[in-house]
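User: I am new to this structure and would like to understand the terms used to describe it. Please take me through them with care.

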Amino acid sequence: MNIRLEKLTSIYQENTPFEHLALNRISTEFEEGKYYGIIGQTGSGKSTMIQNLNGLLLPSYGEVHVGDITLRRRTKQKIIHQAKKRVGMVFQFPEHQLFEESVIRDVMFGPKNIGMGEDEAREKAEYYLKLLNVDEALFDKQPFDLSGGQMRKVAIAGILAMEPDVLILDEPTAGLDPLSHIETMELFGKIQKEMGITVILITHDMNDVYEYTDEVKLLNQGNLIRSGSTKDILTDEALLREYELEVPDIVRLTFDLERKGIKFEKMPGTKEEFIGLYTKWRDGHAE
Amino acid sequence: MLSKMLLGRYIPGTSLVHRIDPRAKIIAVLLFMIIVFFANHWTGYLLLILFVLSLTKLAGLSLIFLFNGLKLILLLIIFTFMMHLFFTKGGTVLVDAGWFTIETEGIIRGVYITIRLAMLILITTLLTLTTSPLSLTDAIERICRPLKALRVPVHEIAMMMSISLRFIPTLMDETEKIIKAQSARGSTFMTGSLRARLNALTPIFIPLFISAFKRAEEMAVAMEVRGYHGEKGRTSYRVLDWQFKDTAVIIMMVLFGIVLFMIRQ
Amino acid sequence: MIEFNDVTYSYREEDHNALDHISLKFRRGEWTSVIGHNGSGKSTLVKLLMGVLEGYTGEIRIDGEVLTEENLQDIRRRFAIVFQNPDNQFVGATVEDDVAFGLENNGVERDEMVRKVEEALRAVNMLEFRTHEPSRLSGGQKQRVAIAGALAMEPDLLILDEATSMLDPQGRRDVLEILGQIHKDKMTTIIYITHDLAEIGVSDHAVVMKDGSVINEGTVDEIYHDTEALISSRLVLPFTIWMADRLLEGCYMLYDELVERL
């Protein structure tokens, strides 16, 4: 299922003195099965954009096509509900949304809302909790008794159990320690590959965007500046600097070595790949 | 709709009315509440209206703006007028429909009471529109200080009010976020039976309560390690500076009251 | 200045020790970083020091004096602490009110208070925001206000308990930069608690904790050098250190030096 934006314009508090243009005539597409990164400064319109993808916000002008569902200015709740079924969203600090008396019931909340029966919802909940390495002994515990990291996993399982075609991640690693950060990103990478779903990631961490995504959309002040392959956009130093975004560590190091005369045959995609390319270069230049 | 409501809102500004000491403003409004009842015929009421209108002008607020913001209150005022129109008897009978009559006294009383009510609402709205909630809290604390003798915990109440005010925007943001998060999980608040809608509120309120408790707990620790131990030995960063113009405001109010009292009939 | 001598503490609901026979020194005028994974005991250390938790064995000495219930209040006055959540420690209705909060509690005269608030806000680069309400500030700006609130008290010791962990990269950089400046200008003693190895670069001294014990201690060079100890403590090596470790047989260096030597 693809998501297509057609001249999507989003205006906050229209016709008041506080009117603010958050998105300006954005036309672009998210293709099935790809991993997208949305990047841009705070206030560039990233959050507004993703909230338009599942009907949390409706376009002020223009249209959003979620598969065969069309969302526009006055779309009915019933149709919006269909879009929510297909587009799952993990918010920043998702552990804040837990409320049920047990872990398993909390994960079942979403699936039941979109029409799954008790048994099916339970089955999905158990499956995704296990996938996220949540210990079975915790399933009947109160979610609030868990550690912060476990609570976050439960919240994420609650979205996955709805089995959306598209998964939106809004700063999923905010507030995590570096090791949990890596584990979480690895996990989403694995889920994206194995389930073949579309993932859309919002983050400030350019290293994550570089390492995990296939495509990038760069926003600035409500305008779509660039849309294209991650390898193209995140290796464009001038572009990143212009929009005050950081150059990923590996890219920066590769370019700095290039300026020193150490040239690789291609741009490394991961740290391990860098090590491989560098040792190869070193062996080739060993006197 | 709600964003246009003016009741209890504050509009920052630098007009003379904005700059008057909040204590003076509160006292003046209290005086006005008494003075309103001095007026008992049309010259008195005319003076009241003129007085409030010139204050509005001084505060730099437009009447249309005020009118739009107070539309809901207008219903209450019209209701009051109708009550008098139909139920106050006396004077000449103007309309006699058998099961009800409208008499001149009813119209006159209705107009007078309506003016009273409208002026009271306008003046209190002017107070909140031109005074930040924080200065209002400060002023209330200072004015109520004598109540401490009666063991009313004035300082604690003021501290609670000011922290609550500070957390309102935070909690509003949080509510919005949680509503969105649950809505993304397919929860619907807008459709279904009343019972279903009430049930849909649980996933919003529980996370909100939990987070509010957590915030309160962390806030208490933060206040404690910053040396908060109640009012004893505490100084105040905010000062209210009572100037001549503030005394003048009170004097003017009293004079206005005397004038209204003198022209009573 | 601060000494932990053989301190052991366990939370009631847990069977293992949160702190296990810890002996540590924090020296005056130094910036000491305490690094550890979640649950390593690093925050428990601070809670004992601030008297938020009680019932430990061993002793804590402040300038030679043993910490007791009697002198706790007095000691609190000399320490200032910045916590993790920017929202939940912002007491004042505006930036300047919040900075003044601690001073008000200590009964500082108003004129002096005004001067100190201004000075503290200038030190964290937030003077132009003095009348702003917290809802109009970013997380990083709120933390800078919290630091100003701490600085205004002119503390002997400034503790930061994971103060940057909820911030975005920009906010994190700003906070660290400002702390570095303050440490340099005023020689403020700093205890910096973190789970991020990338943040300890500026410290004079660093302590690595794991499961309630200190497993390594020394200068930043020494800490970064023992990469095995770091990895076994469930810490993640910063990019430069990771590269240097893999390609140059593990020595601590800054990024420019890495580029130089590769």
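User: How many salt bridges does the rule find across the interface of chain A and chain C?

Analyst: The rule finds three salt bridges across that interface, where a salt bridge is a side-chain nitrogen of Lys or Arg within 4 Å of a carboxyl oxygen of Asp or Glu. This is a predicted model, in which local features need pLDDT of at least 70 and side-chain atom pairs count only at pLDDT 80 or more, while totals for chains, interfaces and linings use all residues. Residues are numbered from 1 along each chain as its sequence is written, chains are lettered from A in the order in which they are written, and side-chain values use heavy atoms, with hydrogens and water left out.

User: What makes the meeting of C:Arg234 and A:Glu183 a salt bridge?

Analyst: The side chains of C:Arg234 and A:Glu183 come to 3.4 Å, N to O, and the rule asks for a distance within 4 Å, so the pair qualifies as a salt bridge.

User: How many residues of chain A are in contact with chain C, and what area is buried?

Analyst: Contact means heavy atoms within 4.5 Å, and by that rule 25 residues of chain A are in contact with 22 residues of chain C. The two chains bury about 2,200 Å² between them, with 64% of it on carbon and sulfur atoms; buried area is the accessible area (1.4 Å probe) that two parts lose on being put together, summed over both. In chain A, the residues that lose the most area to chain C are A:Leu253, A:Lys271 and A:Ile275, together 23% of what that side buries.

User: Why is strand β9 of chain A called largely enclosed?

Analyst: Buried means under 20% relative accessible area, exposed means over 50%, and partly exposed lies in between (1.4 Å probe, protein chains only). Five of the six residues of β9(A), residues 215-220, are buried, so the strand is largely enclosed by the rest of the structure. Strands (E, at least two residues) and helices (H or I, at least four) are DSSP runs, numbered from the N terminus.

User: How do you know that β9(A) pairs with β10(A), and what do the two form?

Analyst: Two strands pair if DSSP finds at least two bridges between them; β9(A) and β10(A), the latter residues 223-229, have six bridges in the antiparallel sense, so they pass that test. A:Leu219 stands opposite A:Leu224 in β10(A). The two strands form a hairpin with two residues between them, and A:Gln221 in the turn has a positive phi of about 45 degrees. Strand β3 of chain A, residues 35-39, pairs with β9(A) in the parallel sense over four bridges, and A:Ile39 stands opposite A:Leu218 in β9(A).

User: Why is A:Asn52 called buried?

Analyst: A:Asn52 has a relative accessible area of 0%, which is set against the limit of under 20%, so the residue counts as buried. A:Asn52 lies in helix α1 of chain A, residues 46-53, and, leaving aside its neighbours within four places in sequence, is in contact with residues including A:Leu8, A:Ser10 and A:Leu71.

User: What makes β2 and β5 edge strands in the open sheet of chain C?

Analyst: The open sheet has four strands in the order β2-β1-β4-β5, with antiparallel pairing. β2 (19-26) and β5 (65-66) each have a single partner strand, so one side of each is left without a neighbour in the sheet.
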